[in-house]
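Notebook open, structure loaded. I'm jotting down what I looked up, helix pairs to begin with.

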Amino acid sequence: MRLVDAFEQVSLSFSSNKFKTLMSSLGIIIGVIAIVVMLSVGEGLQEGVGKAFGGMSLDVITVFPGGSNFEAGKFVYQKPAEFDEKDVHALENTVGVKTVSPRTGSGMSAMFRDEERSVSITAVTATKEPELSDSIDKGRFLMESDRSSIVIGSDIANKMFKMPLNPGMRISIKNKNNDMGKEFTIVGILKEKEMTSAFGGNSNMEIFTTHQALKDLLDVRNYSYSQILVIVEDQNQIETTSQKVDDSLRRLHKDEAYTVFMMKSILEGIGQVLTMVKYALGGIGAIALIVGGIGIVNVMMLTVTERVKEIGVMKAVGATKENIQMIFMLESGLLGLVSGLIGITTGAGISILISTLGSIPIAVTWTSLAIGLLFGVITTTVAGVYPANKAARLDPVEALRAE
Amino acid sequence: MRTILAMEEVSKSYTLGKLNVPVLHNINLAINEGEFAAIMGPSGSGKSTLMNLIGCLDRPTAGKIMIGDMDTSILPDMELSRIRGKKIGFVFQTFNLISRLTALKNVELPMVYQDISGAQRVKRASELLGMLGLGDRMNHKPAELSGGQRQRVAIARALANEPEILLADEPTGNLDSKTGQEIMQIFNNLHNEGRTILMVTHDQALAQNCDRIIRLKDGRIEDGKYG
Ligand SMILES: Nc1ncnc2c1ncn2[C@@H]1O[C@H](COP(=O)(O)OP(=O)(O)OP(=O)(O)O)[C@@H](O)[C@H]1O
Ligand SMILES: [Mg+2]
């Protein structure tokens, strides 16, 4: 039998009882809807989290003093390490490291006109911060020789004070428990960053200056760095490099506590959890589909029973077992395709509706739709195997005798 | 004269639970090409069982059934389907048309399983229906046709693949005598065209039209002489 003819036979039987056909595939439609909605919710969750963390550079290792004092479940106190120029040198000479930028952060008060605000100021080495110097919006970046210059984030410039700040303006910054402030000149304003990082607060609220300027402000000759940013040469080798970074530091800080931290491993962990959540949700849909599949088996069995006589006639005029099998398999497969299409359309609609009404991040992707459709077709096709075989094996004489 | 069908020592019994129910006993029968034979016998004598065996709808318990030079009793299912489709044309008492298909589609059906193209099928099916006087009823469904018309559709379907043998199991059994006569006339015409026909009937008058009457009683052939 030709495939077109098999299709024609199936379509003829479809058109003769549209309503029953649709009702029978309701289970599958609901299953497919469930899969699409679940996957979309999962995908949306993943995208949402991805956006929150997406701006993070994956090639950065952050080193900071102190750490968890627990080792193998026991409390072990270790003095926090104090990082200085020696550490910077050691890290710069570690294999796989591209740049090393030591930073020191400090809480301060900023005065502009009559307004006083709490700010945090970060001292950097001007020559070692390519990422910052590349994201200057107005003005220029710091120079190592600067003693009273600052570069500010876009929110500081536009939102913190009544009047927007521009390069060339001066603000006074003082150590909180110190009366005397110091005048700083704004030399540059950073571009607005899209995300607010999950760690380290709002990156548009930062103020950068040089280490020398901060030392002057704090009135100290020297201080230890509160963190060192290490950018690696190859992001794919970051685990190895971080191990080497750890080795280099361990030599200098034998019994001291410090932490080597990679955003990448955190992101990977979160990603894994989200993927699991997504597939768990999809699994709920799959269960719905299996229930729907059992419904299809039922309905197809009913169809076979109803058409016993017809199957007898088909066999009497020359249909082989394989012909009968093909017709019934095609019928259930087509049922799956139609229900699947209805299911993914409805599922996409419901997902969009939920996301609009509930302002939940939901992302309908082609992959989710394809998975939904595929599962719908596979379930009905598999569900059709048993009824189709039963139909194919009918004894022609007995089938013809049926009423 | 070529023998088109030969049955040698064919027996058929059914098993009902543990009970063995013999229906046909050592049937020997030969049908020649172009012959029109009637099969008669009391109800339950095994006429339909015999027809089903010849038509490859069922297999004998013992014995050989030769159609042409093939022993159908040992053929695999696939081959039996092929013979049913190509060499046998079956006409039933209850018509056995598919109710959701039009007359034309019903006649096309045997050709569908022989991979004949749609255009050719329509051509052949409408020729046959036209020949049987149903040219204006081709797109009617069985429910919209009279008994006689339905049986004519069934005859057209049986002829679709130019079978070697036409089997008819009480084709007039569900028809009034006038319509029965008309159907009988169709079989006579087919016989005159040279077709081989085997027909079960209870009607002695109709049987008189045939070359030969085979009488079955209790699963045995009582009398199969030409006459
Ligand atoms: N599937 C079956 N199982 C058991 N016995 C059967 C089966 N089919 C037929 N028989 C028996 O075989 C015998 C012959 O049946 P068959 O239908 O061939 O008779 P028939 O001559 O065609 O009768 P009728 O003139 O009433 O159509 C009957 O006794 C019947 O009960
Ligand atoms: Mg009978």
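This is a predicted model: local features need pLDDT of at least 70, side-chain atom pairs count only at pLDDT 80 or more; totals for chains, interfaces and linings use all residues.

**Helix pair in chain A**

I began with the crossing of α9(A) and α11(A), which is right-handed; the handedness rule is that a crossing is right-handed if the near helix is turned clockwise from the far one by less than a right angle, and left-handed if anticlockwise. Residues are numbered from 1 along each chain as its sequence is written, chains are lettered from A and ligands numbered from 1 in the order in which they are written, and side-chain values use heavy atoms, with hydrogens and water left out.

Helix α9 of chain A covers residues 263-306 and helix α11 of chain A covers residues 321-358; I get an angle of about 140° and axes 12 Å apart. Helices here are DSSP runs of H or I with at least four residues, strands are E runs of at least two, and both are numbered from the N terminus. Axes are lines fitted to C-alpha atoms, for helices over the stretch in contact, and angles run from 0 to 180 degrees between N-to-C directions. So α9(A) and α11(A) are oblique to each other (under 35 degrees is roughly parallel, over 145 roughly antiparallel, 65 to 115 roughly perpendicular, the rest oblique).

Which residues meet? From α9(A) they are Ile296(A), Met300(A), Thr303(A) and Val304(A), and from α11(A) they are Phe328(A), Glu331(A), Ser332(A) and Leu335(A); contact means heavy atoms within 4.5 Å. I sorted the α9(A) and α11(A) contact by class and got five nonpolar, two polar and one charged residues. For the classes, Ala, Val, Leu, Ile, Met, Phe, Trp, Tyr, Cys and Pro are nonpolar, Asp, Glu, Lys and Arg are charged, and the others, Gly among them, are polar.

**Helix pair in chain B**

Next I took helix α3 (residues 103-112) and helix α5 (residues 147-159) of chain B, which pack at about 30° with axes 7 Å apart. That makes α3(B) roughly parallel to α5(B). Their crossing is right-handed. On the α3(B) side I noted Ala103(B), Asn106(B), Val107(B) and Pro110(B), and on the α5(B) side Val153(B), Ala156(B) and Arg157(B).

I also checked how covered α3(B) is: nine of its 10 residues are buried (buried is under 20% relative accessible area, exposed over 50%, partly exposed in between, with a 1.4 Å probe and protein chains only). Glu108(B) is one of the buried ones.

**Cores**

How many residues does the largest nonpolar core have? I find 72, with Leu5(B), Met7(B), Tyr113(B) and Leu198(B) having the most contacts inside it. The largest share of this core, eight residues, comes from α11(A). A core is a set of buried Ala, Val, Leu, Ile, Met, Phe, Trp, Tyr and Cys residues joined through side-chain atoms within 4.5 Å. A second, separate core has 40 residues, including Met108(A) and Leu214(A).

Chain A has 13 helices and 13 strands, and buried residues make up 46% of its 403 residues.

Gln212(A) sits in helix α7 (residues 211-218) of chain A and is partly exposed at 31%. Its C-alpha is 9.1 Å from that of Ser148(A), 64 residues apart in sequence.
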